[in-house]
Amino acid sequence: MKKMLTAILVLAMLFSLAACGGAPQNQPANSGGSGETNGDKSGSPVYTITAGTESTEENLYYKTLAFFKEYVEEATGGAIAVKIYPNSELGDELSMLEQARSGNLDAVVVGGGNLASLVPELQLLSVPYLWNSFEDFQNAMNRDSEVWKLLVDTVASKNAGVSLVAPTTIGSRWVANTKGEINTPEEMKSLGITMRIQSNPTEAAVWSAFGANVTNMPMTDVFTAMQQGVVDSVENSPEIMYNYKIHENAKYFSATEHNWYFATVMAGDSMWERIPEEYHEAVKKAFLDAGQKIIEITPETQQVAIDKLAEEGAIITYDVDKEAFKAMIADLYGSVAAENGAEALLEACNASQAG
C-alpha cells in the first residue's frame with residue numbers, strides 16, 4: 001500500500017512540474033543589455049535593445065529613441081524590441097556611456113560636450129558659432145556628408161567599446177540667468193554670473209572668456225542649484241530649459257544661439273554581438289533615420305518651447321550682439337582643433353558651409 005501511495009505521489013509531482021513548465025534553456029533573460037526575450041506569437045525570438053537618456057519624454061533626446069523604436073520594430077516585424085529608460089533612470093550621460101561600454105546598456109544619448117571626455121576631437125563642436133546657420137548644421141549631420149563620416153570614423157578610432165550610430169540635437173543653445181538681461185559679453189561680465197556648464201575644458205574656456213564664472217554639474221541638478229544660489233545661469237536649448245522648468249528660477253533668457261548643438265546616439269559594441277547579424281542593417285538604418293527625423297523637426301519643436309517660455313513669464317532678449325561674442329573667441333577654432341587633433345574636422349566643417 002505504501003509503495004502504491006509513493007508511486008502516486010511521484011507521478012503527481014511529475015505532472016505538476018510538466019504543467020508549470022518554464023522558459024526554454026536557450027532563451028536567456030534580458031538583464032540590462034541586448035537579450036533574447038520571450039518570443040512573439042509565431043514563436044520567433046524577440047531581441048531587446050535597451051536605451052537610456054537623461055531627458056524627459058517631451059524632449060528631443062527621448063524622441064530620438066522613440067523614433068528609433070518605432071522604425072526598428074516596424075522594419076524587423078517585431079523581432080527587435082526597444083526598451084527606453086528616460087529621466088536619468090540609469091544615471092547621467094557619462095554614467096550611461098560607461099554602462100554601454102561595459103555591455104550593461106545597449107544605447108545612450110550623449111551630448112557632444114560630454115562625449116568629448118572620450119573623444120577629445122569633439123571639443124571643437126563646443127566652440128560657439130562654428131555653424132553659420134541651422135541649415136549648415138543640418139547639412140553637416142546628413143548621413144552622406146563628409147563631416148558625419150569623419151565623426152563616425154573618429155569615434156571608431158578610439159576603440160572604446162562604443163560606436164556613433166546617429167546624430168541628434170536639442171536645437172540652438174541660449175543663455176538663461178536670474179540677474180538681468182544680457183545682450184553683450186560686457187553685460188554678462190558685469191552681472192557676475194556663475195554658470196553651469198558641461199564637463200568640458202573647451203566650454204570652460206569659452207564661458208570664462210565671455211565673462212562668466214563656471215562650474216560643471218548634471219543638468220538635472222541645475223533647478224535646485226539655482227534655488228540654493230549655487231548657480232545663477234545656465235546655457236542650453238529653450239526646449240531643455242523649459243522641460244527642466246529653469247524659467248521658474250531664471251527669468252532672463254538671451255537668444256545667443258551660440259551653438260546648434262551636436263549630440264549623439266552611442267551604441268555599445270556588445271549590442272552588435274548579441275543581435276543576429278541579419279538584423280544589423282535594419283538597426284543601423286533605424287538609428288540614422290531617427291537622427292535625421294529629429295534634426296528635421298528641431299526648429300519647429302524649439303519654437304514651441306520659446307512660445308511657452310514667453311507665455312509663462314520669461315523675459316527674452318532677441319537683440320543679442322552675436323558678432324561681439326564671436327569676436328572674443330576668433331582664435332579658439334584653430335587652437336582647439338590643434339590641441340585635440342581635430343584639424344581635419346575643422347576643415348570639413350568649414351568646407352561644408354562654404355559659400
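Helix 6 (residues 146-156) and helix 15 (residues 343-352) pack with their axes 9 Å apart, at an angle of about 160 degrees; helices here are DSSP runs of H or I of at least four residues, numbered from the N terminus, and axes are lines fitted to C-alpha atoms over the stretch in contact, with angles running from 0 to 180 degrees between N-to-C directions. The structure is a predicted model, in which local features need pLDDT of at least 70 and side-chain atom pairs count only at pLDDT 80 or more, while totals for chains, interfaces and linings use all residues. Residues are numbered from 1 along each chain as its sequence is written, and side-chain values use heavy atoms, with hydrogens and water left out.

Helix 6 and helix 15 are therefore roughly antiparallel, a label for angles over 145 degrees. On the helix 6 side, Val147, Leu150 and Leu151 meet Ala344, Leu345, Ala348, Cys349 and Ser352 of helix 15, contact being heavy atoms within 4.5 Å. Seven of the residues in this contact are nonpolar, one is polar and none is charged; Ala, Val, Leu and Cys are among those counted as nonpolar.

Attention now turns to Ser172. Ser172 lies in strand 6 (residues 172-177), a strand being a DSSP run of E of at least two residues. Ser172 has a relative accessible area of 0% and is therefore buried (under 20%, with a 1.4 Å probe and protein chains only). Beyond its neighbours within four places in sequence, Ser172 touches Asn236, Ser237, Pro238, Glu257, Asn259, Trp260 and Gln302. With Gln302, the side chains form a polar contact of 2.7 Å, meaning a pair of N or O atoms within 3.5 Å, one able to donate a hydrogen and the other to accept it, where residues adjacent in sequence count only if both atoms are side-chain atoms.

Methods:
Buried < 20%, exposed > 50% of the residue type's maximum accessible area, 1.4 Å probe, protein only. Parallel < 35°, antiparallel > 145°, perpendicular 65-115°, else oblique.
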